[in-house]
Amino acid sequence: CFPFLQTSALSLSPKLAVVICPGFGNAVVDYVNPLGSPDGLQAALERRGVEVQIVPIQRYDWIRVAAGLFDIKFWQNQQLASGFAYGWYLKRTKDTIQQCDSDKILLVGHSAGGWLARAALGDEGNPKVVGLVTLGAPHLPPSDGINCATRGALKTTNLLYPGSFLKDISYVSVSSSSVTVGNQDQKDVDTSRVDEIYQQRGEGNAENVARINYEALVGRSDGVTGDGVIPVEIAHLDGAKQIFLNGAMHSINEAGTTLPASSWYGSESMIDQWFQVAMETISAKETI
């Protein structure tokens, strides 16, 4: 029994549906049967009284990002999210929204799925969409002088649709402080299991892997905190309800391995810390 349903999804009429927007390199299976587990984010959300659909992305689809090589704006670091590299993702997101039977949809964008969901909504949104939750999403592009893996797509998305751009929907951005570089006293997450793998591969430990990730995104690492991949400082949107978790790793697996993460944004122990807030935020907006 989930007592929070009385004030969350089931109190919304008509019934709410969730559409999950997968992160970069992720696929539908990661949210249904993550690493062989029968209990993924989809099932966890369904237990909370909502219909769940996932944008139909397969792992091999991400090779399509290479199509950006044929876009002159790719080489100028000015490509649009709607261009060759990511346009296919935006189309599938829009199609999934349109095909959903519910007239009330909450988008949940994991990692890159967060900023890509913003791009898919564009400057007009969709009348079905009432909210967007982003989980460990990189919302801010790297500073000048740091190469952006999106080759400008994230930057142009921010310029076109800054912050909580659409006034008719509720925004919730979620980050985690599970790994802080240089914090010897940090005890939020036990990384001993994955540290053995990193040591064998010559990568040191989870903190060192986070150091590499953080430096690639914000140009520094000492004192930077995040979920092991995305620093907190770039994971939030201006104007959004901002939620800061402790102990949630970035994804279903430890970064760069096939080892299941002990806890991530979609874990049973973490979901209620952001899902309930999203429901309350949507309900409050509807009463205005």
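**Starting from Leu90**

Analyst: Leu90 is buried, with a relative accessible area of 4%, where buried means under 20% relative accessible area, exposed means over 50% and partly exposed lies in between, computed with a 1.4 Å probe on protein chains only. This is a predicted model, in which local features need pLDDT of at least 70 and side-chain atom pairs count only at pLDDT 80 or more, while totals for chains, interfaces and linings use all residues. Residues are numbered from 1 along each chain as its sequence is written, and side-chain values use heavy atoms, with hydrogens and water left out.

User: Which element does Leu90 lie in, and what is it in contact with?

Analyst: Leu90 belongs to helix H4; helices (H or I, at least four residues) and strands (E, at least two) are DSSP runs, numbered from the N terminus. Setting aside neighbours within four places in sequence, Leu90 contacts Ala81, Ser82, Leu116, Ala119 and Ala120, a contact being heavy atoms within 4.5 Å. The C-alpha atoms of Leu90 and Ala117 are separated by 7.3 Å, although the two residues are 27 apart along the chain.

User: What about H5, how many of its residues are buried?

Analyst: Ten of the ten residues of H5 are buried, so this helix is largely enclosed by the rest of the structure. Among them are Trp115, Leu116 and Arg118, and the cover over the buried residues of H5 includes E1, H4, E3, E4 and H6. Just after H5, Gly122 takes a positive phi of about 60°.

User: And which residues have the most contacts inside the largest nonpolar core?

Analyst: Those are Leu107, Trp115 and Leu116, in a core of 33 residues; a nonpolar core is a set of buried Ala, Val, Leu, Ile, Met, Phe, Trp, Tyr and Cys residues joined through side-chain atoms within 4.5 Å. E1, helix H4 (87–99), E3, H5, E4 and helix H6 (153–160) are the elements that give two or more residues to this core, and its largest share, seven residues, comes from H5. A second, separate core of 32 residues includes Tyr31, Val108, Ile271 and Val277.

User: Ile271 is in H9, I think; which residues of H9 are buried?

Analyst: The buried residues of H9 include Met270, Ile271, Trp274, Phe275 and Val277, and among the elements covering them are H2, E3 and strand E8 (241–245). Helix H9 (residues 268–286) has 19 residues that should span 27 Å at 1.5 Å a residue, and its end C-alpha atoms are 27 Å apart, which agrees; the expected span is 1.5 Å times one less than the number of residues.

User: Changing topic, how many disulfides does the structure hold?

Analyst: The structure holds zero disulfides, a disulfide being a pair of cysteine sulfur atoms within 2.5 Å. Cys21 is buried, with a relative accessible area of 0%, and Cys100 also counts as buried at 2%.

User: How much space lies in the largest pocket, and which residues are closest to its centre?

Analyst: The largest pocket holds about 770 Å³ of space, a volume being the space filled by probe spheres set on grid points that are joined across faces, edges and corners. On a 1 Å grid over the protein atoms alone, with a 1.4 Å probe, a pocket is an open set of points with protein on both sides within 12 Å along at least five of seven lines, and lining residues have an atom within 4 Å of a point. The lining has 35 residues, of which Phe24, Ser111, Val229, Ile230 and His250 are the closest to the centre. H8 gives the largest share of this lining, four residues.

User: Where does Ser111 sit, and is it buried or exposed?

Analyst: Ser111 lies in the loop between strand E3 (105–110) and helix H5 (112–121), and it is buried, with a relative accessible area of 10%. Phi of Ser111 is near 55°, a positive value in a residue other than glycine, whereas most residues other than glycine have a negative phi. Leu35 also has a positive phi, near 50°, and at 42% relative accessibility Leu35 counts as partly exposed.
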